[in-house]
Amino acid sequence: MQPSGAEVHQRIARISAHLYPSNPKMGDGSILERTNCRAKGGAPGFKVAILGAAGGIGQPLAMLMKMNPLVSVLHLYDVVNAPGVTADISHMDTGAVVRGFLGQSQLEGALTGMDLVIIPAGIPRKPGMTRDDLFKINAGIVRTLCEGIAKCCPNAIVNLISNPVNSTVPIAAEVFKKAGTYDPKKLLGVTSLDVVRANTFVAEVLGLDPREVEVPVVGGHAGVTILPLLSQVKPPCSFTQEETEYLTKRIQDGGTEVVEAKKGAGSATLSMAYAAVKFADACLKGLRGDASVVACAFVASQVTELPFFASKVRLGRTGAEEVYQLGPLNEYERIGLEKAKKELAESIQKGISFIRN
Ligand SMILES: NC(=O)c1ccc[n+]([C@@H]2O[C@H](COP(=O)([O-])OP(=O)(O)OC[C@H]3O[C@@H](n4cnc5c(N)ncnc54)[C@H](O)[C@@H]3O)[C@@H](O)[C@H]2O)c1
Ligand SMILES: O=C(O)C[C@H](O)C(=O)O
């Protein structure tokens, strides 16, 4: 039997109220809403939330995720300007339905039902600062957001971008442990910008197209903890000592290069959004069940004696299903690894202590 006009109207109002939970004007079944509902109806795909979506990374990240055909629903959460960014992005004629969420009271709505949560919330560096200088403010932000994840979408994959990643990932792990929801395979610190930079800078030296180059970058995401394995570059190649030193330093200082060029206006945002989308797309392909999806990430690890370490991981239906060993390192890389581990150990402990003490 065909539904009556009144039933159809009620149904539309119900769906609209769900699509626009933060907009009290929506949900009345108006013509505008009916058009929106029809145009945006139910593409298959994953539900993704971006926390910090109105920021320098968040906005281009939201735009690129709205273009990703694997995404059916995109939730944009921030403590400022989320409705504006949502309205803007929602006009893009791609499949994902976009919903905006503003402020702590709407965090639950933003997170409920999500498959993947990407977190670029927090303050960025200014010239002269280290990533660790961001700890004081960003540690608390990450704690609050992860408490929300533990409560509302404990099975979601989490891509953590907020710095200092070497400490914020251990913070997130401790929050999830406390809540009894910790699954180490699902918590991934995003280090893909280091790989993107390494591919670009190595390609420049080799005179190749960066799309043909693959550089594993391991360790962590700050200064000497960023360890490019130039002996394992694909396609196979060799570097002089001078090239090795130049490339290692440029990759380790890539973030600082952007911070200084921006002269106080923040850190990498556009290249980060690109790198975050590359990584999120790999996570979604893993969730979909694609075979052999491999990327570098900062994860719970037994590759070294440290509890967290960045290396290549295989992404599958349950997250980082396999964490790969580092493979053979040359003497230069072995020395770099020792330096990286020393700094990493302190940053990891600082994150753990923030929650435990
Ligand atoms: N992992 C990496 O490779 C990498 C690369 C670049 C930047 N970062 C880090 O990403 C973070 C964001 O950088 P950005 O340039 O986008 O900064 P930004 O200041 O432009 O944006 C941050 C956004 O987070 C929001 N925010 C603050 N507190 C929040 C909260 N409690 N809940 C939700 N949102 C909140 C702000 O309102 C803002 O919109 C920084 O910590 C930066 O260091 C990491
Ligand atoms: O350098 C920063 O502070 C931001 C980010 O970690 C980067 O590597 O660009």
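Me: A helix is a DSSP run of H or I with at least four residues. In this predicted model, what makes helix α10 stand out in the shell around ligand 2?

Reply: Helix α10, residues 254-262, gives the most to that shell, with 4 residues. The residues around ligand 2 include Gly254, Gly255, Val258 and Val259, besides others such as Arg125, Arg131, Asn163 and His221. By class, this shell divides into 5 nonpolar, 5 polar and 2 charged residues.

Me: How do you know which residues surround ligand 1, and how many are there?

Reply: A residue counts if its C-beta atom, placed from the backbone, lies within 6 Å of the molecule. For ligand 1, 33 residues surround the molecule, and Gly52, Gly55, Gly56, Ala121 and Asn163 are the closest. Their classes are 18 nonpolar, 13 polar and 2 charged. Helix α6, residues 135-152, supplies the largest share of this shell, 4 residues.

Me: How do you know whether the length of α6 agrees with its number of residues?

Reply: The 18 residues of α6 should span 26 Å at 1.5 Å a residue, and its end C-alpha atoms are 25 Å apart, so the two values agree.

Me: Which residues of α6 are called buried, and what covers them?

Reply: The buried residues of α6 are Phe135, Asn138, Ala139, Ile141, Val142, Leu145, Cys146, Gly148 and Ile149. Their cover includes the strands β1 (46-51), β4 (116-119) and β5 (157-160), together with the helices α5 (107-111), α7 and α12 (331-356).

Me: What makes a set of residues a nonpolar core, and how many residues has the largest one?

Reply: Such a core joins buried residues of the nonpolar kinds, from Ala to Cys, through C-beta atoms within 7 Å. The largest has 105 residues, and Leu76, Leu116, Val117, Ala172 and Ala276 have the most contacts inside it. Helix α11, residues 270-288, provides the largest share of this core, 10 residues. Leaving aside neighbours within four places in sequence, the contacts of Leu76 include Ile50, Ala53, Val85, Ile89 and Phe101.

Key: Residues are numbered from 1 along each chain as its sequence is written. Chains are lettered from A and ligands numbered from 1 in the order in which they are written. This is a predicted model: local features need pLDDT of at least 70, side-chain atom pairs count only at pLDDT 80 or more; totals for chains, interfaces and linings use all residues. Helices (H or I, at least four residues) and strands (E, at least two) are DSSP runs, numbered from the N terminus. Ala, Val, Leu, Ile, Met, Phe, Trp, Tyr, Cys and Pro count as nonpolar, Asp, Glu, Lys and Arg as charged, and the others, Gly among them, as polar. The expected span of a helix is 1.5 Å times one less than its number of residues. A residue is buried if 20 or more other C-beta atoms lie within 10 Å of its own, exposed if 12 or fewer, and partly exposed in between; C-beta atoms are placed from the backbone. Two residues are in contact if their C-beta atoms, placed from the backbone, lie within 7 Å.
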